[in-house]
Amino acid sequence: MNTTISPAIAPRLLGDIGGTHARFALVHGDGTPITQEVTLSTGQYPDLATAAQAYLQQAGHPAVRQACIAIANPIDGDVLKMTNNHWQFSIEATRKQLGLDSLLMLNDWEAMAMAALALKGADLEQIGSGEAVPDAPKGLIGPGTGLGVSSLVRSRRGDWVPIAGEGGHVSLSPTCAREADILRVLWRSHPHVSAERAISGMGLENLYRAICELNGTEAEPLVAAQVTARALAGQDVACEEALECMCRLLGNAAANLAVTLGARGGIYIGGGIIERLGDYFAQSGFRAAFEAKGRFENYMQRIPTYVIRAKQPALMGCAMALGVLHGQPQ
């Protein structure tokens, strides 16, 4: 009996590599959902190939010949050296090590932009007012280990084009005296304070320490998850201010993206940090900061902002890049 798997339904490897976690899954070309999702710690592996091999072993050694991996890094040539962890590797050497016919590498937020084409209904939670203008550009932004930024624009031919960027490394822009004071504290440690120095996991830790210094209190050695937990529980005023400050700074960064891009198609908010905030984010100062653009306040009020609630959207984007998942934006 012929047991050869048709190339059309052969499993493809999907990956979403961040500074802290490496998420893998499989997808087939027969319309079935993404399956066998596993999250590994990047700190436990020296590079992508080793982590992918560990996943494939857990998945039962599927006969994978194609892969699409989204990674929190610019894709510029064959050798990738990650900004927010120790991984450095050759794409071609990784392809050969994994025995793949093809290995497509995407910036993680390029994959998020592609996933926006398939998000609908419960996948999105709208924060504030506004209504998306059909065919207008869409912006994506979200804090995790770093701050991811991308966009999605309609070409003259009518297809949607994802655009990867490194907008997390723009200069942090304070909007009030308190934020300016925090920025001055951060300047002592970082000659260039990028947006992700305050709007990310490490950014939340930076904000907490800066606020403690400004308050004249001693900062505890808290990691981002602890700052978030204390803030949500109302247990620490510095943690509470740090989380609220991050949400407002994210609102301002999202607004800057929106006006720069003309993103009347909406701004999509992702990232692991926002996912863990639950209902808090909608009640935070994010949307007020987003709309606070002076003479352009009315313009900003008309732009919708959505929190991405879909699970593993970057993996969805990878599947779309391989042509085994399709969708159109709302």
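**Strands, helices and some residues**

Me: Over how many bridges do strand S2 and S3 pair?
Reply: Strand S2 (residues 21-27) and S3 run in the antiparallel sense as a pair. Strands are DSSP runs of E with at least two residues, helices are runs of H or I with at least four, and both are numbered from the N terminus. Two strands pair if DSSP finds at least two bridges between them; for S2 and S3 the count is 5.

Me: From what pLDDT do side-chain atom pairs count?
Reply: Residues are numbered from 1 along each chain as its sequence is written, and side-chain values use heavy atoms, without hydrogens or water. The model is predicted, so to speak of local features takes a pLDDT of at least 70, totals for chains, interfaces and linings use all residues, and side-chain atom pairs count only at pLDDT 80 or more.

Me: How many residues join S1 to S2 in their hairpin?
Reply: S1 and S2 pair antiparallel, over 6 bridges. Leu 13 has Leu 26 of S2 as its bridge partner. The residues through which the hairpin joins S1 to S2 number 3.

Me: Why is one side of S3 and of S7 left without a neighbour in the sheet?
Reply: The open sheet has 5 strands in the order S3-S2-S1-S4-S7, with mixed pairing. Strand S3 (35-41) and strand S7 (102-107) lack a neighbour on one side because they stand at the edges, each with a single partner strand.

Me: What angle does the direction of helix H1 make with that of S3?
Reply: Axes are lines fitted to C-alpha atoms, for helices over the stretch in contact, and angles between N-to-C directions run from 0 to 180 degrees. Contact means heavy atoms within 4.5 Å. Helix H1 (residues 48-58) packs on the sheet and touches strand S1 (12-17), S2, S3, strand S4 (66-71) and S7; its direction makes with that of S3 an angle of about 135°.

Me: Is Arg 12 buried or exposed?
Reply: Arg 12 is found in strand S1, and its side chain makes a polar contact with that of Gln 66 at 3.1 Å. A polar contact is a pair of N or O atoms within 3.5 Å; within protein, one must be able to donate a hydrogen and the other to accept it, and residues adjacent in sequence count only if both atoms are side-chain atoms. Buried means under 20% relative accessible area, exposed over 50% and partly exposed in between, with a 1.4 Å probe and protein chains only. With a relative accessible area of 10%, Arg 12 is buried.

Me: What is the phi of His 61?
Reply: His 61 lies in the loop between H1 and S4 and is exposed, with a relative accessible area of 58%. Most residues other than glycine have a negative phi. His 61 has a positive one, near 55°.

Me: Which strands stand at the edges of the sheet of 6 strands?
Reply: This open sheet has the order S8-S13-S12-S9-S10-S11 and mixed pairing. Each edge strand has a single partner strand, so one side of each is left without a neighbour in the sheet; they are S8 (124-127) and S11 (160-164).

Me: How are H4 and H5 set against each other?
Reply: Helix H4 (residues 177-187) and helix H5 (residues 201-215) pack at about 105°, with their axes 9 Å apart. Angles under 35 degrees count as roughly parallel, over 145 as roughly antiparallel, 65 to 115 as roughly perpendicular and the rest as oblique. H4 and H5 are therefore roughly perpendicular.

Me: How far from a polar side-chain atom of Asn 206 does the backbone oxygen of Arg 197 lie?
Reply: Asn 206 has its place in helix H5 and, at 10% relative accessibility, counts as buried. Leaving aside residues up to four places away in sequence, Asn 206 touches Leu 186, His 190 and Arg 197. From the backbone oxygen of Arg 197 to a polar atom of the Asn 206 side chain, the distance is 2.8 Å.
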